[in-house]
Amino acid sequence: MTTPATDPRLHVPAPTWAGRADAARRRLASGELGSLPVVVGLVVIAIVFQSVTHHFLQADNLTNITRFIAGPGLIAVGVVFVLILGEIDLSLGSVAGASSAITAVLAVHQGWPEWLAIAAALGGACAMGLLHGLLFARVGVPAFVVTLAGMLAWSGLQEWVLGDGGTVNNHHGGIVASLDSTFLGDGDIAYAWGLAVLAPALYLLAHLRTARRRSAAGLAARPLADTALRAGALAVLSLAAAYALNQDRGLPLSLVVLLGAVVATDFVLRRTRYGRQVFAVGGSVEAARRAGVNVARVRISVFMLSALLAGLGGLFYASQQGSADKQLGSGNVLMMAIAAAVIGGTSLFGGRGNAWSALLGILVIQSITTGLDMVHAAQAIQYMITGAVLLAAVVLDSVTRRTRAGAGRR
């Protein structure tokens with residue numbers, strides 16, 4: 001009889017470098033790659049484009065990358081939730097465009113206070129997601145069909161709201177206009193350094209609390225040295241990023257909003273009962289239902305959340321281009337968001353993923369796009385390279401899924 005493979009997540013490594021190396025080997029052999037492929041990819045991208053352009057890693061270019069990822073990154077975070085369910089939402093680009101259009105028309109043409117126009121637009125985005133969720137979870141229409149219809153409908157709503165002009169410029173100096181152009185403290189270096197110190201400190205405190213709770217419950221916990229090592233690596237990365245940003249204009253507001261959304265949604269997925277229910281439904285709908293999970297409510301709430309994040313992402317797109325127009329949300333906006341989630345490590349098969357995968361994935365895509373722009377590559381080349389990277393991520397996901405299944409795990 002074959003002995004079942006040991007889950008590497010339950011293996012407590014010896015507190016030595018040899019023990020840590022053995023634990024890493026076990027995880028890799030069982031398909032637990034984590035964020036390693038994405039991090040390696042980012043390093044390779046940086047090396048290649050820096051060697052070709054000689055200024056890819058300059059502070060102003062890195063700052064621009066962190067600004068440009070906010071819109072697609074927020075949409076990608078919503079995509080992560082939908083993919084964890086094992087579903088797809090094709091309407092998010094149109095939801096982003098419609099939300100930006102509603103905000104612009106209410107604030108500029110109707111004279112509403114801009115904050116109220118934004119609230120109304122985001123409320124409208126939630127209503128769009130609610131409709132998708134109800135048709136999918138209560139009526140039983142496949143999510144693909146529902147959101148495909150939503151993509152067409154909300155694109156039409158966007159054109160109707162904007163009217164014959166087709167473009168509404170942002171209020172000069174208004175909330176939407178400042179989303180992309182604002183740097184905290186007008187370039188004050190204290191903000192970037194403060195966030196760089198706060199992030200690893202919070203990471204260390206959270207993992208120490210988890211280890212203490214696991215030890216109190218009689219469960220295996222990660223050794224303190226490992227936690228400190230990971231926190232130290234995070235501190236090095238965050239301090240390096242802060243240094244680079246402070247060489248230019250400081251900490252962009254858009255990056256802070258994206259990081260805030262990622263941290264908040266990661267907490268929801270990993271630390272709350274609702275997050276466990278989302279993973280349960282994505283893993284097996286029938287098993288989740290038998291365990292007492294309200295499957296319909298979880299599905300509806302996920303589609304509402306993804307639409308809300310898409311609406312917020314649409315405001316950042318409008319801020320970057322200076323207006324809301326009929327083209328916002330069309331083109332490759334949706335494809336970039338889905339690609340970012342998948343490239344970052346979220347499984348297309350449901351039940352696996354995290355909010356950080358959206359951030360890592362959109363960093364890969366934006367880095368490739370920026371690097372290719374710097375070498376004046378044609379847009380067709382950009383699409384082909386991005387498509388190849390996406391295909392590689394899907395193939396890797398399929399291979400690691402089979403590896404995990406061979407190790408007796410999902």
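Is Val48 buried, exposed or partly exposed, and what is its relative accessibility? Val48 counts as partly exposed, at 42% relative accessibility, where buried means under 20% relative accessible area, exposed over 50% and partly exposed in between, with a 1.4 Å probe and protein chains only. The model is predicted, so that local features need pLDDT of at least 70 and side-chain atom pairs count only at pLDDT 80 or more, while totals for chains, interfaces and linings use all residues. Residues are numbered from 1 along each chain as its sequence is written, and side-chain values use heavy atoms, with hydrogens and water left out.

**The chain as a whole**
- The secondary structure comes to 17 helices and two strands, which are DSSP runs numbered from the N terminus (helices H or I, at least four residues; strands E, at least two).
- Of the 410 residues of the chain, 44% count as buried.

**Around Val48 and Asn61**
- Val48 lies in helix H2, which covers residues 36-53.
- Asn61, which belongs to helix H3 (residues 59-68), is buried, with a relative accessible area of 10%.
- Leaving aside residues up to four places away in sequence, Asn61 touches His55, Phe56, Thr370 and Met374, contact meaning heavy atoms within 4.5 Å.

**Helices H11 and H16**
- Helix H11 (residues 253-271) packs against helix H16 (residues 355-374) at an angle of about 145 degrees, with the axes 7 Å apart; axes are lines fitted to C-alpha atoms, for helices over the stretch in contact, and angles run from 0 to 180 degrees between N-to-C directions.
- On the H16 side, this contact is made by Ala355, Trp356 and Leu359, and the H11 residues include Leu258 and Asp266.
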